[in-house]
Amino acid sequence: MVDDIADLIAESLIVRDLRGHVTLWNRASESLYGFSSAAALGRSLHELLGTRHLFPMADIEARLLAVGSWEGEVGRHGADGRDLSVEVRWTLRRDVGGMPVDIVETGRNIAALTALEQETRLAAHRYRNLFQAMAAAFWEMDFSRVRMMIGGLMASGVTDLPRYMADNPDWVVEAMRAVHVVDVNDKVISLFGASRRDEIVGGHVAWCFPPQSRHVFAESLIAAARRQDRYATETTLTRLDGRFIDVLFTVCWPEEHKGRGHVLVGVIDITERKQAEEETRRSERRYRELFDHMPVALGQLDMRYMNSQLAARYANQPPPRNEMDIDLNFIQDILRSTKAIEVNPEAQRLFRARRREDMLIPIERFWRTRPETVRRTVLARLNGEPGYSEETKVDALDGTQIDVLYTVAFPPSTWERGTNIVAFIDIGDRIAALARVEQMQAELAHAGRVAMLGEMAASIAHEVNQPLAAIATSGAACLRWLNRAEPDLGEVRELAGRVVSDAQRAAGIIARVRDMAANRRADHVPLNLNELVEEATHFLRHEFQARQVELHFSPVSGPALVSADRIQLQQVVVNLAVNALQAMAEAKISPPRLSIAVMAVGAIWLRVVVEDNGPGLDPATSPRLFESFFTTKREGLGIGLAVCRSIVEAHGGSIEAGNRADGRGARFTFTLPSVKAATSGI
C-alpha cells in the first residue's frame with residue numbers, strides 16, 4: 001500500500017536505512033535515474049548513483065543526523081551514464097522513542113525545470129544559503145493568527161493597543177502561543193540548546209520569552225501594527241534548558257512575506273558582550289572607588305599635548321641623557337598646556353581646593369616652585385624608565401608650599417590613550433620630624449663631645465695614676481736608701497731608673513690619650529707579644545712584692561708577633577693585672593696568685609689570659625663590665641675596662657670576661673690577630 005502511494009508522487013521518492021541501503025524506490029525514481037525498483041532495492045544509494053557534492057558526503061550525513069534534515073543540490077549519474085543535477089531534500093525519521101529509523105529523500109531533476117522554476121529555485125536556494133550561513137540565529141515565523149487576534153481587538157473597540165497589552169499580560173502570552181515557527185537555521189538549534197530541528201520548528205515561542213522580556217514581544221506587535229519595517233532591542237531570552245541568554249532581538253517584515261503573515265526574527269547572542277560590559281562597569285566602579293578613597297592625592301592628566309610635543313621634538317634624535325639637555329622653556333610650555341581632568345578628594349585636601357573644579361586647570365599652577373621635577377620626569381619618560389618618583393615641593397592653591405613624595409608611572413596603555421595618573425603623598429610631618437631629629441642629633445653630638453672631655457679626663461687620671469704611684473713608690477724607696485748610714489747607691493741608681501721609666505710611661509699614656517682625642521691613628525708595628533706582656537709585668541713588680549702576690553707568666557713558643565702599639569697593649573695588660581690585684585686584696589685572699597699566659601689559637605690568632613684566685617665575677621653584673629662608667633668598686637671610675645675594649649678592638653681583636661673553670665677567681669682574655677693574619681688580609 002505504501003509503495004502504491006509512493007508511485008503516485010511525481011517527484012523521486014527514495015527511502016534508505018541508516019546504513020544507506022535503499023528500502024523504497026518509487027516510479028518517479030525509476031524514470032529519473034533509469035534503474036528499476038528491483039535493481040535499486042538493497043543497494044547502497046550513493047554507490048548506485050555516484051552521489052557527489054562540494055563537501056564530503058560523510059560531513060553532510062553527520063549534519064543530517066545532528067539536525068534532522070538537509071537539502072541541496074547533488075551530482076549523480078543515471079543507468080545510462082548520464083550526469084544529473086538533482087535537487088534533494090533528506091529528512092531523518094524517528095520512532096516513537098526518538099531513535100533514528102531511516103532517511104526519506106525527495107528529489108527533482110534540475111534540468112527538467114522551466115526557466116521560471118529554475119529562477120524561483122535559485123532565489124530560494126540563495127535565501128536558504130543566506131538563512132543558514134548567517135552567524136545570527138534566524139527564525140521564520142507565521143504571525144497570521146496573531147494578526148487576526150489584533151484585528152479582533154481593534155474590531156472590539158480597542159484603540160490603545162500598548163495600554164491594552166500592558167493591562168492584559170495573559171493576552172500577550174496567548175499571542176505568543178499563537179505564533180507558528182515555520183523554519184529556523186542551524187544557529188537557532190545550537191544557540192537555544194536543541195538537539196533536533198523539530199524541537200523548535202512547528203511550535204510556538206512562549207517558552208523562550210521569560211516574564212521580564214514579554215514586553216519585547218508586545219512591543220514588536222505594536223511596531224507591526226504601526227507598519228514599521230523593523231523592530232530591534234536588547235533583551236533576555238530563555239534556552240530550552242532554562243538558561244538565560246542576553247540577545248539582540250530584531251524583527252523585520254519582508255515585503256514579499258507580508259501577504260502570508262510571515263516575519264523574520266534575528267537573534268544575536270550578546271551574552272559575552274553584556275558580561276564584558278558589566279565587568280567593565282564593575283571595573284570602572286572599582287577604579288572610581290579606589291581613586292576616590294585612596295589616602296593618596298591622585299590626579300588624572302590629559303597628556304596628549306605632551307606626547308605630541310615629545311614625539312615631534314625627539315622623533316629623529318636620541319633621547320637626552322641629562323636633565324640639563326632639556327630646555328626649561330620647553331617644560332614650561334608643557335606645563336601650560338597639560339591639564340588635570342580628574343582629581344580625588346585627597347588631592348583637593350592636599351592642594352587646599354574648595355571645589356574639585358578648582359583643580360581642573362593647567363598643572364603649571366602646581367609646579368611654580370619646582371618645575372625641574374617635571375623636567376626629570378620627562379627625562380625618565382624619554383629614556384624608557386617604567387616610572388619616576390622623588391621628594392619635592394608643590395604649590396597649593398592658597399600659595400603654600402607642600403613637601404610631597406611625587407610618583408608617576410608610564411604604563412603603555414595610559415600613554416596610548418593620552419592620559420596618565422600622578423600621585424602625591426604628603427610628607428610634611430615626616431620632613432618636620434626629620435628636622436627635629438637632626439636638631440636633636442646635633443644637640444646630642446654636642447653633649448657627647450662635652451661628655452667625652454670628662455671621659456678623657458677620667459681616662460687620663462685612671463691611666464696615669466699607676467705610673468705616678470710607681471714613681472712615688474720608687475722615689476720614697478730611693479730616699480730611704482739615701483738616708484741610711486751607708487747609702488746603697490746601686491739600689492738608688494736602679495730606683496732612679498724605674499722613676500724615669502715610669503715617667504716615660506706616663507708621658508706615653510698621655511700622648512696616646514691625646515692622639516685618641518684628636519682621632520689620630522696609633523702607630524702599629526710588629527711586636528713580640530711575649531716580650532710586651534712580660535715588660536708590662538715589670539711595671540707592677542713593686543705592687544706584686546708589696547701585696548705578696550705570686551705571679552706566674554707563661555709565654556707561647558715561637559715569635560708571637562702582633563701588629564700593635566706597644567704602650568696601648570701594655571696599658572691593657574697593666575689594667576687587667578691591677579684589677580686582679582685590687583679584687584684579691586679586697587677579698588683578703590691568701591696567698592694571692594696571678595697567672596698571665598700567652599697562647600696560640602689556631603694558626604693566625606694569639607691570646608693573652610689573665611687569671612686570679614680572687615672572689616670572681618658576679619654573673620648579674622659581668623655583662624656590663626666593659627660599659628663606660630660602670631664599676632663594681634666603691635671608688636672606681638668605670639673607665640679602665642672600657643678603654644681596654646676600645647684598644648683591643650682597635651687592634652682587630654676581642655676581649656672577654658668570665659670566671660675560671662674551677663670557679664675560684666676571675667678570668668679575662670683578649671685575642672689579637674698575628675702578623676701572619678694581618679699580612680694575609682684576614
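Strand E11 (residues 297-302) and strand E15 (residues 419-426) run antiparallel and are joined by 6 bridges. Within this pair, Gly299 sits across from Val422 in E15. Strands here are DSSP runs of E with at least two residues, helices are runs of H or I with at least four, and both are numbered from the N terminus; two strands count as paired if DSSP finds at least two bridges between them. The model is a predicted one, with local features needing pLDDT of at least 70 and side-chain atom pairs counting only at pLDDT 80 or more, while totals for chains, interfaces and linings use all residues. Residue numbers start from 1 along each chain as its sequence is written, and side-chain values use heavy atoms, leaving out hydrogens and water.

Zooming out, E11 and E15 belong to an open sheet of 5 strands, ordered E12-E11-E15-E14-E13 with antiparallel pairing. Strand E12 (339-343) and strand E13 (387-395) make up the edges, each pairing on one side only. On average, neighbouring strands of this sheet are turned by 35° against each other, direction ignored. Helix H12 (residues 271-293) packs on the sheet and touches E11, E12 and E15 (contact being heavy atoms within 4.5 Å). The direction of H12 makes about 120° with that of E11; axes are lines fitted to C-alpha atoms, for helices over the stretch in contact, and angles run from 0 to 180 degrees between N-to-C directions.

Then there is strand E5 (residues 100-109), which is joined to strand E1 (residues 12-17) by 6 bridges, again antiparallel. Ser12 stands opposite Gly107 in E5. Strand E4 (residues 83-94) also pairs with E5 in the antiparallel sense, over 9 bridges, and here Glu87 faces Arg108 as its opposite number in E5. The hairpin of E4 and E5 has 5 residues between the strands, and Gly98 takes a positive phi near 90° there.
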